[in-house]
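I opened my notebook beside the model and wrote down what I looked up, one entry at a time.

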Amino acid sequence: MRHALVLGLAAAISAAPWQQAAAQAADPTAAEFDKFREIMEQDNPAELFEAKGEELWRARRGPKNTSLEQCDLGLGAGVVKGAYAQLPRYFADVDRVMDVEARIVHCMMTLQGFKYEELAKQPFSSPVRTPEPVSLATYVAAQSRGMKIAPPQNHPKERDAYETGKAIFHYRAGAFDFSCASCHGEDGKRIRTQPLPNFTKPATAIAAVQGWPGYRMTGGVMHSLQWRLNDCYRQQRFPEPGYASETLSALLTYLTVNASGHVYRGPGIKR
Amino acid sequence: MRLAFVVTLACAALLLASCATPPRDYRPDALSLMQRDFHAKGIAGMDRLNEDSVQATCNKSQDNPPQEVADKLQKEQLAAVKWPADGKLLGDWKAGERIAQNGQGMAWNDKGGVGGSCYNCHQVGPRESSFGTVGPSLYQFAKKRGYSADIQRYAYGKIYNAKAYNLCSQMPRFGHVRALSEQQIKDLTALLMDPASPVNQ
């Protein structure tokens with residue numbers, strides 16, 4: 001642990017690009033938190049969920065008593081290494097673009113026989129319960145650690161998903177006239193002391209991807225991007241988006257394609 | 001050779017297609033997808049996905065509508081502001097500070113309107129260092145602008161309906177959508193306008 005701490009401190013001192021960005025924003029709170037996170041990531045509780053996810057991936061489960069080892073995450077049946085870095089993507093078997101959780105849910109339904117209604121009933125983590133797709137997504141994401149984010153934009157439906165996601169991102173409605181862009185469409189803004197990354201620009205869109213799935217210190221739970229987007233829509237004063245829905249896959253396509261080319265650091269830690 | 005010819009033909013067809021069709025508008029796709037994928041929760045009904053005239057105008061123009069369109073809609077929004085019947089615009093600035101601090105209200109897990117969320121986006125009073133920067137600083141609001149009846153009216157109207165003054169403002173229309181009551185808006189107006197309010201120290 002002490003070794004990890006020293007390493008973490010050393011890493012914190014030699015400023016990584018994201019720390020330089022924080023310094024440019026001249027936000028001492030954010031910079032301090034980034035240092036803290038760097039240290040915490042040396043012993044990130046997310047690793048426990050990564051291990052749990054791997055166990056779930058290999059276990060024979062569900063009404064069909066099958067493992068997920070034949071699940072095709074886009075690089076062929078059973079290929080997990082590097083798959084997350086190339087999601088969301090088009091899947092011919094469902095004729096739509098899917099993000100990691102939409103695909104995991106699909107595999108749990110088709111291979112293992114789980115029902116969508118069961119999986120969507122309580123899809124988000126609480127201090128006492130972490131839904132299986134969250135652990136599975138953490139495991140799958142961890143297998144792309146250190147890889148470049150590169151969701152494909154070759155299939156027409158992948159390009160459609162990007163453009164549809166962009167339109168969803170900018171759609172202002174609801175009680176407060178908010179869109180995603182109300183908070184994430186400009187540089188250098190913050191809510192209270194929380195910095196608001198601009199997701200419309202490649203340089204800063206990485207903040208939508210980096211650190212997710214993430215262990216959130218507030219509440220001490222493992223959260224996925226499905227949860228993050230759900231809670232954004234709550235704060236946006238919209239009705240609730242369907243879990244693992246095409247709307248969220250489109251939105252994630254827009255965000256992830258904007259973040260293309262950055263290196264994914266693996267499941268992270270969040271404030 | 002034949003392959004090259006086919007490829008050339010295919011390219012020509014592609015070029016033609018790209019010349020003939022304007023860039024596709026993805027808004028209808030986005031809307032129908034959202035209508036299908038969202039569901040009502042708590043007080044947040046599906047009607048919240050529908051754009052009103054202001055939202056639609058701003059959405060279609062990337063928040064930059066033609067001036068004459070903006071002027072017309074701003075006038076309509078201003079005409080719909082319900083001014084206090086007693087003519088008094090200033091309430092209690094201390095209550096206003098509590099409302100400004102409270103970021104709850106109007107979400108699916110709320111019962112209705114609660115707070116004004118002011119500090120989420122604005123610097124307001126000098127003692128709160130945890131404030132957002134989406135909107136401009138309101139510190140010394142009246143000290144800088146004066147304490148006149150006109151400025152009072154502007155402050156009340158802006159909180160009631162920000163879109164009556166700047167059509168595509170990012171600020172919610174707190175009175176217009178009944179997220180804040182008349183008394184709450186009076187208290188917030190006092191927070192900005194009362195000479196005794198810490199905002200004006």
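**Entry 1: loops with a positive phi**

I started with A:R192, which sits in the loop between β3 and β4 (194-196) of chain A. Helices (H or I, at least four residues) and strands (E, at least two) are DSSP runs, numbered from the N terminus. A:R192 is not a glycine, yet its phi is positive, about 50 degrees.

A:R237 is another non-glycine with a positive phi, about 65 degrees. Its place is the loop between α11 and β7 of chain A. A:R237 is buried, because 23 other C-beta atoms lie within 10 Å.

A note on the ground rules: the model is predicted, so I kept in mind that local features need pLDDT of at least 70, that side-chain atom pairs count only at pLDDT 80 or more, and that totals for chains, interfaces and linings use all residues. Residues are numbered from 1 along each chain as its sequence is written, while chains are lettered from A and ligands numbered from 1 in the order in which they are written.

**Entry 2: cis peptide bonds**

I looked up the peptide bond between A:L87 and A:P88, and it is cis, with omega about -5 degrees. A:P88 belongs to the loop between α4 and β1 (89-91) of chain A. The bond from A:W212 to A:P213 is also listed as cis, with omega near -10 degrees. A:P213 lies in strand β5 of chain A, which took me to the sheet.

**Entry 3: the sheet around β5(A)**

In what order do the strands of the open sheet run? I read β6-β5-β8 (chain A), 3 strands with mixed pairing; two strands pair if DSSP finds at least two bridges between them. The edge strands, β6 (221-223) and β8 (267-270) of chain A, each pair on one side only. From one strand to the next the twist averages 30 degrees.

β5(A) and β6(A) are antiparallel and share 3 bridges. In that pairing I found A:Y215 opposite A:M222 in β6(A). Helix α4 (residues 46-58) of chain A lies across β5, β6 and β8 of chain A, at about 140 degrees to β8(A). Axes are lines fitted to C-alpha atoms, for helices over the stretch in contact, and angles run from 0 to 180 degrees between N-to-C directions.

I then picked A:G214, in strand β5 (residues 211-216) of chain A. A:G214 is buried, since 24 other C-beta atoms lie within 10 Å. Leaving out residues up to four places away in sequence, A:G214 touches A:A46, A:H223, A:P267, A:G268, A:I269 and A:K270. Contact here means C-beta atoms, placed from the backbone, within 7 Å.

**Entry 4: α8(A) against α12(A)**

The axes of α8(A) and α12(A) come within 7 Å and cross at roughly 95 degrees. That makes α8(A) roughly perpendicular to α12(A), as angles of 65 to 115 degrees count as roughly perpendicular. Residues that meet include A:Y162 and A:F169 in α8(A), and A:L251 and A:Y254 in α12(A). By class, this contact has 8 nonpolar, 5 polar and 2 charged residues. Ala, Val, Leu, Ile, Met, Phe, Trp, Tyr, Cys and Pro count as nonpolar, Asp, Glu, Lys and Arg as charged, and the others, Gly among them, as polar.

**Entry 5: where A meets B**

How many residues does each chain bring to the contact? I noted 30 residues from chain A and 38 residues from chain B. On the chain A side, α8(A) gives the largest share, 5 residues. That side has 11 nonpolar, 8 polar and 11 charged residues.

A strand pairing crosses between the chains: 2 bridges join β7(A) to strand β1 (residues 38-39) of chain B, and the two run antiparallel. A:E240 stands opposite B:H39 in β1(B).

**Entry 6: chain B**

Chain B has 9 helices and 1 strand. Its C-alpha trace spans about 85 × 35 × 35 Å along the principal axes. Of its 201 residues, 38% are buried. In helix α3 (residues 53-60) of chain B, the buried residues are B:V54, B:T57, B:C58 and B:N59. Their cover includes α4 (67-79) of chain B. Just after α3(B), B:Q62 has a positive phi of about 50 degrees.

Notes. Contact = placed C-beta atoms within 7 Å. Buried ≥ 20, exposed ≤ 12 C-beta atoms within 10 Å, placed from the backbone. Parallel < 35°, antiparallel > 145°, perpendicular 65-115°, else oblique.
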